[in-house]
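Good morning, and thank you for making time for this item. I shall present one structure, and I ask you to keep it in view while I speak.

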Amino acid sequence: MSPYRYICLPLVWLALSLTKAALAAAGPTPDAIRAALETTQPVAHTSEQGRRVITRDELAWFYAARGHAPIWSEQPRLDRLQEAILELADDGLDPAAYALDEIRALGMRLAGGGTLAVCDELATSQVYLTALLHLSQGALDPAVFEPLWRSNGRPAPLIDRERLLMLAADSLDDIVAGFEAARPNVLHYRALRQAHATLRSSLADVHWPEVPPGATLREGMRSPRVPALRERLQAEGYDTGTGEPDSQAYDTALIAAVTAFQQANRLAADGVVGPATLAVLNLPPGARLDRLSVNLERMRWLAAEHRSNYVLVNIAGARVSYFRHGEAIWDMRTQVGRATRRTPLLASDITHLTLNPTWTVPPTILRNDKLPEIRQDIDYLARNNMRVLDAGGRPLDPYSIDWERPGNILLRQDAGPSNALGQVAIRFPNPFHVYLHDTPSQRLFDRDQRAFSSGCVRVERALELVDLLVEDGSDASPELVAERIASGRTSNFNLDRPIPIVMAYWTADVGEDGSPVFYPDIYRHDDRILAALRAPAKAYAIMSPCASAHS
């Protein structure tokens, strides 16, 4: 039986016109390789399970460029392929999914004086090309697992498969270097990969105790849970002082270590060990490694979305960054949609700003949030500078309305310091009616979890982002916009050059010291991606021709 009978990636079915016996015996001569490729059935770029696939035409091009000469008939080249596949572990990809054991067996066959069949030759090339494809662009198709809605004129980035095939052809004499060249050349990806490698290497050497649940720990308290807390923080690499290991005192040194941990993990840095801090602290090492693997896959997707100047929102991390010439020059906290009113994933272009905006309450918020408040106290409207309008925008007397059955009305909040959108709304085309905006609820930025909104993204220090957008997207000066905001009048400011915005989702990041940072999976996206990355072979494999030939 061929070692590729249950190869762990989606191999193309090679429907050869040769008999099974002939196929089993055929060596990988140019004529045999050409004949096999000519009778191969086509497949789509993405399998039914959403995994990216090397097609017949791509495999045929790869061999045609070499005159259909065999590639894997020398053991040293197979050894280098094994070495490169092993290093995929630090990219969060499972080496076993790229036929590592099967390729090792082929190398042993060659070392013993044996030869490869044509199907072994082609299957090995498909492993090689597929690994490069997955490493460069992601093993999974994001359109299946985590699609971005895209505005008109913003097509999904195309995979440059021709460049990938040329890289594969040029790297046969240094396969490890070829794999390195295929990795996204993005600082964020490289840092996350290093964090994954460091954590993976430490799993066998470090004891990771769990801190038991209990009452919130605050300064000056004593608790039998403190020794476990100290040991866990030490395992994470934090300095907990020189006190007695068994001390139950939540002392100054331990509080400092907790505060540093909170800062590194984007938690409220208050030194208090409550439920949010405990949940992140107790995340098992294996789960952390899985989380990093999932987000390395996301980083491979996002690498294709990078632009010179653009805004990038991490919904799970509740952060927003501004990139200029490909480098992040500004980063701030946000408030995003709660789990029941999610912020959408999208790619669009910021076209204009609304300065001193009014706020027309969306129907869902009107129905679920505002009507209960008004029914309880109609003066809620006056206190919040809200006016009632009919469907045509004409004012209505709020006392004339049956608030149990208000009919087709609008609520509009006047511009001003208490307006829900603050001093600016940052607009971009999308069907979800979402945007970035300022907010008077500044205190909420200090929370551990910042999923408070109804889908829009509230931006801390939003006027700083406005200045950057105006500098890069307009011929006007930021001072002009500041003057218009200071006037208090509502107006729109159009950008001469729209600035791209990507709102994506990732749950792991890297701190300034290189250590991993984990965010809550607020929308429960991670499990599906992890399951697809770890899917067993039979969930998606198409057997190679060797399986037919030797069955």
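Predicted model: local features only at pLDDT ≥ 70, side-chain atom pairs only at ≥ 80, totals over all residues.

What volume does the second largest cavity have? The second largest cavity comes to about 50 Å³. By cavity I mean a set of points, on a 1 Å grid over the protein atoms alone, where a 1.4 Å probe fits but cannot get out; lining residues have an atom within 4 Å of a point. Grid points are joined across faces, edges and corners, and the volume is the space filled by probe spheres set on the points.

Residues are numbered from 1 along each chain as its sequence is written, and side-chain values use heavy atoms, with hydrogens and water left out.

As to confidence, pLDDT is the predictor's confidence in each residue, from 0 to 100. The protein averages 88 on that scale, and 92% of the residues score at least 70. Residues 1-21 stay under 50, and the model gives this stretch 76 contacts beyond four places in sequence, a contact being heavy atoms within 4.5 Å. Over residues 537-551 the pLDDT is also below 50, with 40 contacts beyond near neighbours in sequence.

Now the overall architecture. The protein has 20 helices and 16 strands; these are DSSP runs, with helices being H or I of at least four residues and strands E of at least two, numbered from the N terminus. The C-alpha trace spans about 90 × 65 × 45 Å along its principal axes. Of the contacts with a separation of 6 or more, 70% join residues 24 or more positions apart. Of the 551 residues, 53% are buried, where buried means under 20% relative accessible area, exposed over 50%, and partly exposed in between, with a 1.4 Å probe and protein chains only.

Next, the interior. A nonpolar core is a set of buried Ala, Val, Leu, Ile, Met, Phe, Trp, Tyr and Cys residues joined through side-chain atoms within 4.5 Å. The largest has 128 residues, and Trp-72, Tyr-128, Phe-179, Val-311 and Leu-436 have the most contacts inside it. Helix α6, residues 118-137, gives the most to this core, namely 9 residues. Beyond four places in sequence, Phe-179 touches residues including Leu-81, Leu-88, Tyr-128 and Leu-135. A second, separate core of 18 residues includes Leu-254, Ile-255, Val-258 and Val-273.

Let me return to the cavities. The lining of the second largest cavity includes Arg-51, Asp-94, Tyr-98 and Arg-534.

Finally, two backbone details. Which phi does Asn-356 have? Asn-356 has a positive phi of about 50°, although it is not a glycine; it sits in the loop between β5 (346-355) and β6 (359-360). Asn-356 counts as buried because its relative accessibility is 8%. Arg-461, likewise not a glycine, has a positive phi of about 55° and is found in the loop between β13 (457-459) and α17 (462-473). Arg-461 counts as partly exposed because its relative accessibility is 47%.

Key:
1 Å grid on protein atoms, 1.4 Å probe; cavity = no way out; pocket = protein on both sides within 12 Å on 5 of 7 lines; lining within 4 Å.
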